[in-house]
Amino acid sequence: MKKLRDTLDRLDGKSYGGYKELKGRYNFIDYTFEILKVQGDPFASPSLFSIEIKLSKYGYPKEYYDNSSKKVAFEDYILRILNKLISKLGKKSGSGKSGQLNILPPKQEILKRSAVEIIGDTLIIKFYGGLPANGRRIASRGATGMIFNEIPKISKEIKITNVNLEKLQQHIKTNLKSDSIRRAIKKENLIVFIENGSKLARNSSIDDRVLKDGIPFSSPKSLEVTLSLDNGDTVTGIGIAKGITVITGGGFHGKSTLLSAIEKGVYNHILGDGREGVITDRDTVKIRAEDGRWIGGLDISNFINNLPHKKDTHNFTTENASGSTSQAANIMESLELGASTLLIDEDTTATNFMVRDRKIQELISHKKEPITPFIERIESMKTKGISVIIVVGGLGDYFSMADRVIMLDEYKLLDVTKKAKTISDKFESSNVRGVSEDFNIPFRKLDSKKTKGLFNSDRCKVKTRGLDELLINKETIDIRHLEQYVENGQVTFTGEIIKNIFSQNTCEIFREKLENLQIEIDKNNLSKLLKSNSGSLVEARKYEIAGAITRLRKDIFEK
């Protein structure tokens, strides 16, 4: 502490670059303070700091973090209370970002983040601050106030005597319960479970918090299941089994709200979110059409074949995909990575990819149509163990394919399977052809040697534009249609992973590479995984990481 204070006094009024002399570790009474990165200019990205504390010294028993589920929940809770505190602490004083403090803000999901990590018995908190300046000169008095008056409040806030232990324990129990439900649905061969009483509606499209007066979820009795949890408790709600599930209903009755809750159910949620009991198998991927996307070296022949000019669809590449080819690609890429359930909303699909009605079939023969609609391949996908949950408002032909049909009527769920099947039989026509050919899933080899040096530079930086774009060096990746990203830090994490992958100069099966990566993500702290000091990383699934990689407009797969 004394050394740091003396150095600050000596640097007062000197050029801003002199702050770099502060980089290093300093022992305070209750914690170790480290300056990990010093900004080069008061207007540049802020400096990175960390605080390390011994949890035992602060009085936290090991049973609060003695397994991975508890540990992630503990870290998540600490981040949430610090986010509230730090947003009040940092006050601008001087030029640029002088005096401002911030930490990675969490959203509604309980996720592994680099901002707060437990390693052994040590809690490490990483946050950002603008070292004070007058113009481009060091303002030591402001820096001393930040480091010796403001930052110590962070360590004080998380002393066990200042933490609401009851809320912390509830937070941990919520995560344990969600993980227990996740294990239970695997055991019962379910792909989705939604606990009765859940609240699915959100405030708005830009506010993911629960709509307070939303209608509580209630399962149709015919689809209701009771699951036994690890601790002996039980939970009751809808259990959606493997197979083909159709969700239907009138406009604005809640179909997309239900599907959105299911797609976000691959993550656990905080207590009070309303979706704590919405649990979806982690190998579930949302699929949509995506006009204009890049597709590189992919076999889409299950759905697209016999193109004009004999263009090969077993090794298909395009810089500007149509709605149908992009949807086919999104399906095949997800299955290539091991997805076992696909989520589809009719509103975001390519109509000609989903079905061909009788009039079109009369005018354009199957021999002249290169697209094999999804409805004609859904049965062969099912034989491969692939499940589908599809929201339809105008594609009633899917009733005949469904194992169950759920209707939303003013946000209430009804099991209308029998009625839908009767209607389907009444209007059965030649709309749907059975396709007997086997459904083949490709396995490409990622050849990072093809882009040798692309991201190797030490100056290679990862930037994001929200959940829309990922920028690595001069490469821009359009990720806005990867709908299961929920936090900006996941995009940053993806960028760092991509840098890592393409610096290895290897050629290996894409699926194996990403599966091994997922194992490493699940078992490691993010900082350790990437050997990074960043406080802005949030874990992402292999599907979102792979989605960003395949949208990199480069030839990256072995021919």
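Predicted model: local features only at pLDDT ≥ 70, side-chain atom pairs only at ≥ 80, totals over all residues.
Biologist: What is the make-up, by class, of the lining of the largest cavity?
Modeller: Seven of its residues are nonpolar, six are polar and seven are charged. Residues are numbered from 1 along each chain as its sequence is written, and side-chain values use heavy atoms, with hydrogens and water left out.

Biologist: What makes a space a cavity rather than a pocket?
Modeller: The way out. On a 1 Å grid over the protein atoms alone, a cavity is a set of points where a 1.4 Å probe fits but cannot get out. A pocket is an open set, with protein on both sides within 12 Å along at least five of seven lines. Lining residues have an atom within 4 Å of a point. One cavity here reaches 30 Å³ or more.

Biologist: How much space lies in the largest cavity?
Modeller: About 230 Å³. Volume here means the space filled by probe spheres set on the grid points, which are joined across faces, edges and corners. The lining counts 20 residues, with V285, S334, L482, Y543 and G547 closest to the centre.

Biologist: Which element gives the most to that lining of the largest cavity?
Modeller: α15, with five residues. β18 (284-287), α7 (323-336) and α15 (542-550) each supply at least two. These names come from DSSP runs, numbered from the N terminus: helices are H or I with at least four residues, strands are E with at least two.

Biologist: Why is α15 called mostly covered?
Modeller: Nine of its nine residues are buried. Buried means under 20% relative accessible area, exposed means over 50%, and partly exposed lies in between (1.4 Å probe, protein chains only). K542, E544 and T550 are among the buried residues of α15.

Biologist: What makes both faces of β21 covered?
Modeller: T341, L343 and D345 are buried on one side, and L342 and I344 on the other. For β21 (341-345), that is five of five residues.

Biologist: How do you know that β21 pairs with β22?
Modeller: Two strands pair if DSSP finds at least two bridges between them. β21 and β22 (387-391) have five, in the parallel sense, so the pair qualifies. T341 stands opposite S387 of β22. β18 also joins β21, through four parallel bridges, and I287 has I344 as its bridge partner.

Biologist: Why is Q490 called buried?
Modeller: Its relative accessibility is 0%. Beyond four places away in sequence, Q490 touches residues including L111, Y267 and V538. Touching is contact, meaning heavy atoms within 4.5 Å.

Biologist: Which element gives the most to the lining of the second largest pocket?
Modeller: α12 again, with six residues. The pocket holds about 1300 Å³. Its 36 lining residues include K37, Y128, V462, E496 and S534, which lie nearest the centre.

Biologist: What sets the phi of F252 apart?
Modeller: Phi is near 70 degrees, a positive value in a residue other than glycine. Most residues other than glycine have a negative phi. F252 is in the loop between β15 (244-249) and α6 (255-264).

Biologist: Is F252 buried or exposed?
Modeller: Exposed, because its relative accessibility is 81%.

Biologist: Why is Y411 put in the class it has?
Modeller: Its relative accessible area is 48%, so Y411 is partly exposed. Y411, too, has a positive phi of about 70 degrees. Its loop runs between β23 (404-409) and β24 (412-415).

Key. Nonpolar A, V, L, I, M, F, W, Y, C, P; charged D, E, K, R; others polar.
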